[in-house]
Amino acid sequence: MAPPSITKNALDGIGLADDHVFMSITLKGTNFLANGQPILSNVPQNIVATPSPFSSLDKSKGTVGCFVGFDTEEPKSQHVVSIGKLNCIGFMSIFRFKVWWTTHWVGNSGKDLEHETQMMMLDKDESVRPYVLLLPLLEGPFRASLQPGIDDNVDICMESGSTQVSRSTLRSCLYMHVGDDPYKLVKEAMKVARHHLGTFKLLDEKTPPGVVDKFGWCTWDAFYPNVHPKGVWEGVKA
């Protein structure tokens, strides 16, 4: 759920959910549903879904996301837990293949995922299932990522990085959001994450430095493999 420090005024750009808003992401029995259509099956009993207090900017659609957590029997510094089976639904994702670098990946089942997946979007179909975004989050000292599980399961890995920091219960390690437009979907989900975590600002809330016009976001963005001290110096002088 949202931290207590978040007020209604802080959420005017997103809107608050109420009892009359259609719940687009739900956990019913052993299935996660998007607009009533199954997206993940065989969801374990220890998975807990909490409806988001934030609703869509588009009041006519009343999109409401869902925070996902779990319970375990003993506190650990690392948990790998299945959130359900993904089968025959196309997805695109971004995974971290180096400490400092991510890249794009696609597939249509849980086994196709890569470890250290930072974001995953399920494709919509021609009927009523919308795009679905799965966004791993931070929860306290724990960080989340998605990875392939056994028998097409999608696993979430939660780790604190220290054996001295352990938990048995987590409630918001993953955020799930739906939408008809994949670009708007990502923007709306990031707005929810921004207010939920309260630890960062979105790009449209920041003023980019002037050097962005010359170098992009970094020298690699400007030069790629041809980065060289002479080129950097010439760019600085310009």
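Val192 is found in helix H1, where helices (H or I, at least four residues) and strands (E, at least two) are DSSP runs numbered from the N terminus. The model is predicted, so local features need pLDDT of at least 70 and side-chain atom pairs count only at pLDDT 80 or more, whereas totals for chains, interfaces and linings use all residues. Residues are numbered from 1 along each chain as its sequence is written, and side-chain values use heavy atoms, with hydrogens and water left out.

**Helix H1**

- Val192 is buried, with a relative accessible area of 2%; buried means under 20% relative accessible area, exposed over 50%, and partly exposed in between, with a 1.4 Å probe and protein chains only.
- The buried residues of H1 also include Leu185, Glu188, Ala189 and Ala193, together with Arg194, His195 and His196.
- Val192 lies 8.8 Å from Gly65, C-alpha to C-alpha, although the two are 127 residues apart in sequence.
- Helix H1 covers residues 182-197, and the 22 Å between its end C-alpha atoms agrees with the 22 Å that its 16 residues should span at 1.5 Å a residue, the expected span being 1.5 Å times one less than the number of residues.
- Gly198 follows H1 and has a positive phi, near 65 degrees.

**The sheet of S1, S2 and S3**

- Three strands form an open sheet in the order S1-S2-S3, with antiparallel pairing; two strands pair if DSSP finds at least two bridges between them.
- Strand S1 (25-28) and strand S3 (37-40) stand at the edges with a single partner strand each, so one side of each is left without a neighbour in the sheet.
- S1 and strand S2 (residues 31-34) run antiparallel and are joined by 4 bridges, and Asn31 in S2 is the bridge partner of Lys28.

**Nonpolar cores**

- The largest nonpolar core has 31 residues, of which Phe32, Ile39 and Ile83 touch the most other members; such a core is a set of buried Ala, Val, Leu, Ile, Met, Phe, Trp, Tyr and Cys residues joined through side-chain atoms within 4.5 Å.
- Strand S14 (residues 167-179) supplies the largest share of this core, 5 residues.
- Apart from this core lies another, of 13 residues, including Phe54, Met121, Leu137 and Ala193.
- Not counting residues up to four places away in sequence, Ile39 touches residues including Ile25, Phe32, Leu122 and Met176, contact meaning heavy atoms within 4.5 Å.
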